[in-house]
Amino acid sequence: MITISEAAQAHFRKLLEKQPEGTNIRVFVVNPGTPNAECGVSYCPPDAVDPDDQHLPFDGFETLIDPLSAPFLEEASIDFVTDQMGSQLTLKAPNAKMRKVGEDAPLVERIEYVLLSEVNPMLAGHGGKVTLTELTEDGFAILQFGGGCNGCSMVDYTLKEGIEKQLLEKFPNELKGVKDATEHQRGDHSYY
């Protein structure tokens, strides 16, 4: 379920030495399965353990996960990185915003999953996002761009060379291509 690097485990052990006996680590998702999902790590004292919590044993401590967060933490990873800028604990949870869907799920759900877990995190760096508005009967995904993508001169390149290539690679026999439903003319609606 959750992978915790050796460096992160050592960091947690060091932090837990200063906590009351029996304190462990809790990993959770606030607003799981929504675009506003946020992941977190906190201390979990013995009196905060719920009988339904999932216990993942690590060397010197346990990681506790509540039942609501668990499906959204599939394939999550925690690392502790030190570089010239300092040290940082990183938590990556690609399924926090949408529960991972199986290969047998309907194509619409699989496309939405890829958009939320892979495409939108890349677009977010530029203030953008994309949503699936329709999957046509002839196999085209109709996408709606928003945020920084609206009015961006690179949107056609992003659509064809980025998103379409990525989706066609993942769904080669099911999807024929992608089309843009967004009106990108400059005006009052533009992001910038």
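Okay, quick definition before I start: two rings of Phe, Tyr or Trp count as a pair if their centres lie within 6.5 Å, with planes under 30 degrees apart called stacked and over 60 called edge-to-face. Keep in mind that this is a predicted model.

So, how many aromatic pairs does that rule give us? The count comes to 2. Take Phe12 and Phe61: the ring centres sit 5.7 Å apart and the planes are at 75°, so that one is edge-to-face. What I like here is that the pair links distant parts of the chain, with Phe12 in helix α1 and Phe61 in strand β5, 49 residues apart. Phe61 also pairs with Phe58, and that pair is stacked, at 5.6 Å centre to centre and 20° between the planes.

Are Phe12 and Phe61 buried or exposed? The cut-off for buried is under 20% relative accessible area. Phe12 comes out at 2%, so it's buried, and Phe61 is at 4%, so that's buried as well.

Now, helix α1, which runs over residues 6-16. Its buried residues are Ala8, Gln9, Phe12 and Leu16. They span an arc of only 100° around the axis, so they end up on the same side of α1.

One last thing, about another ring: Lys179 lies over the face of Phe140, 4.4 Å from the ring centre.

Technical notes. Residues numbered from 1 in each chain as written. Predicted model: local features only at pLDDT ≥ 70, side-chain atom pairs only at ≥ 80, totals over all residues. Heavy atoms only, no water. Phe/Tyr/Trp six-rings, centres within 6.5 Å; stacked < 30°, edge-to-face > 60°. Helix = DSSP H or I, 4+ residues; strand = E, 2+ residues; numbered from the N terminus. Buried < 20%, exposed > 50% of the residue type's maximum accessible area, 1.4 Å probe, protein only. Lys NZ or Arg CZ within 6 Å of the ring centre and 35° of its normal. Arc of directions from axis to C-beta.
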